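Trainee: I would like to go through this model feature by feature. Please give the general idea each time, then the case at hand.

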Amino acid sequence: MSDATVPNTGALAAPSPRLGGFRLLARLKSFGLALIVPLLLLLGWHLAVKAGMTRLIPSPGEVAEYMVDFAVGGIWDDAFSATLLQHLVASASRVYGGFALAALVAVPLGLLIGRVKLVSQLLDPFIQLMRPIPVTAWLPLSMILFGLGPKSAFFLVFLGAFYPILLNTVFGVKSVEPRLFEAASMLGCRGNAQFFKVVLPASLPSIFTGLRLGLGLAWFVIVVGEMTGVPQGLGAVIMDGRTLSRTELVICGMIVIGIAGFLSDRLVVLLMNRLLRWSPLHHG
Amino acid sequence: MAELPILDVQGVGKTYAFNDTRIEALRDANLTVRKGEFVCLIGASGCGKSTLLRIVAGFEPPTVGTALMWGKPIQGPAPDRGMVFQDYGLFPWLTVRENIGFGPASRGRPKSELKETVERFVALVGLSRFADAYPHQLSGGMKQRVAIARVLANDAEIVLMDEPFGALDAMTRERLQDELLELWQRTGLTVLFVTHSIEEAIFLADRVVVMEPGPGRIACEHRITLPRPRDVASPEFNAVRRELSARLHSHHAKKAA
C-alpha cells in the first residue's frame, strides 16, 4: 500500500516562523482582553473607596502596600509582616497533602468501582449517600475526631477533593468505548491485562477532569479547614483578619489563595496536556 | 475434498432477548470458507451479516449451532481471527506504530522481533511518514490502513471486515479496495468481508454470500469467476451485478441498491 492519499493533518505540519509571529500577537491580544475586566473592577473599587462609600474597606493602593509588607515586611512591621511565605507553605502543604491522599485513594477506588460490579454494589450507594453532605458540615465532627489543628484541615481538604476525583474516575471507566475492549481482546489482550492497557489510558481524560476539580476544591476548603484553630495558613490569616477587623489582611489572604489556586491548576493542566497529547480535546 | 476448511459454520442461529421480546437475528446459517478465499457477505440491514461475523470473531456465542475454525469450536475472540471495524477501533492514546504493535506486545513477543514486525507492517500499509502520529491526526483511509496492519502484524489467519470502507469517501474506498486485493493476493490471507454494496462485493470476492432479513439468513451463494483485476465498467461485470441485484431485489424490492 502507498500513502498518496492527502491527509488533513494540520497538527503534523511544522509551524512556519511567520505563523509563529501571528501566534505571539494572538497571545498578547488574548492576554490583554483577559485583563480588561479585572482592571475595571480595580478602578471601580478605587473610585468607590475614594468617594467615601465605605470606611471598612481599604483602597486597592492600601491593599497593595499591605501585600508588600505581608510578603517582605519593612512597612508596618507588625505580627503579620513578612509572614506570607510561611502561611502559604503551611496552606499549600495541607492542600497538596490532602489532595495527594485523596487522589491516591480515589483513583484506584474509582477504577475498581467502575470495573468490578461487586465493589460498585458494595460502595456506590454509600458514596452517593455521603456525597451531598457539604465539607463544611464535617467541621465540628472533624474537630472532635482529629482535634484542633492541622490534622483537621488536612482531613477536610481530603474530603473535599475526594468526591470529584472518585466520581470522575468512575465515570471515565464506565464510558470506555466497548469497541476498544473488542479490539483488545481480538488482538490477544484479555482479562486483567485490559485494565492497564485499555481501561486506565481510556479513562485518563476523565481522571484528569476529576483531579482538576479536586484540586480546585482543595483550595476552596482550606479556608474552612484552617478555621479550626491552626496558627498558620492562609485560612488562619483570613480568620485573624476578620477577628481583628483588618480587612486589608483578609483581602491579601484572598488574593494569595486565588493566585496559588490558579497556578496549581495551571500545573495540572500542563501535566494533563503532556499526558493527553493524543486527545484532540486537550490541546489548550 | 478431505482438506479441512479454515472456517466452518454449521446451523448457526442467534436470538437476542430484550426483556420480554425475543429477536431472531440469524437462523440456520451454514457457511464454509477455505484457506485463501475472499468471501463477501452481502444483504440489507437486519439480514444478520454483522451478527454472523461477530459470532465468527468470537464476540458473541451462537444460540444454536457451532462455528469451527480448523475444525475446533470458536470460543471467544483470538488473534488468529483479526477484526477490522467500520469505526476503526484504534486506541486513540497510541501512535500508529504502537497501535500496530499492540497485538504482538500483548502476546509477549520479544522486543527486537516486535520492533522489526512493527516497522515491516507500518511500511506495508505505506504509513512510514506517519508512524508517530496519533489516530486523531489521520484521515479515515489512513486509520483503516492502521486497523488492517494491526491485525496482519498479529498473525491473523483470517481477516474479518465489518463494512470497513463504509465510512470512507468514494475515492479513498476504491484505493483501499485495490490495496486490500493486492495484500490478499500477495500474502495468501483469508478474508470474510461484510458489505452492503453489490459493486464492492463483486469487485473483491471469490464468492458472494447473499443474506436476507426477517429473520436473518443465508439466501444463496454466487461464485464470481471474473478475471482479476476486475473492471467495474465492463459489460461482464455489469451482467453479474444485474444478476445479483435481481436476486436481492426479488426478496426486498426497495432495499437493495
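Trainee: How many residues of domain 1 of chain A are in contact with domain 2 of chain A?

Mentor: Two residues are in contact if their C-beta atoms, placed from the backbone, lie within 7 Å. Here 9 residues of domain 1 of chain A are in contact with 6 residues of domain 2 of chain A. On the domain 1 side, the residues divide into 8 nonpolar, no polar and 1 charged. Ala, Val, Leu, Ile, Met, Phe, Trp, Tyr, Cys and Pro count as nonpolar, Asp, Glu, Lys and Arg as charged, and the others, Gly among them, as polar. This is a predicted model, in which local features need pLDDT of at least 70 and side-chain atom pairs count only at pLDDT 80 or more, while totals for chains, interfaces and linings use all residues. Residues are numbered from 1 along each chain as its sequence is written, with chains lettered from A and ligands numbered from 1 in the order in which they are written.

Trainee: Which element gives the most to the side of chain B that touches chain A?

Mentor: Helices (H or I, at least four residues) and strands (E, at least two) are DSSP runs, numbered from the N terminus. In total, 36 residues of chain B are in contact with 24 residues of chain A. Strand S6 (81-84), helix H2 (96-106), helix H4 (140-152) and helix H5 (170-187) of chain B each supply at least two residues of that side of chain B. H4(B) gives the most, with 4 residues. The residues of this side of chain B divide into 17 nonpolar, 11 polar and 8 charged.

Trainee: How do H2(B) and H4(B) cross?

Mentor: Axes are lines fitted to C-alpha atoms, for helices over the stretch in contact, and angles run from 0 to 180 degrees between N-to-C directions. The axes of H2(B) and H4(B) come within 7 Å and cross at roughly 30°. The contact is made by B:Val96, B:Asn99, B:Ile100, B:Phe102 and B:Gly103 of H2(B), with B:Val146, B:Ala149 and B:Arg150 of H4(B).

Trainee: What is the strand order in the open sheet of chain B?

Mentor: Two strands pair if DSSP finds at least two bridges between them. The open sheet has 4 strands in the order S2-S1-S4-S5 (chain B), with antiparallel pairing. Strand S2 (21-33) and strand S5 (72-73) of chain B each have a single partner strand, so one side of each is left without a neighbour in the sheet.
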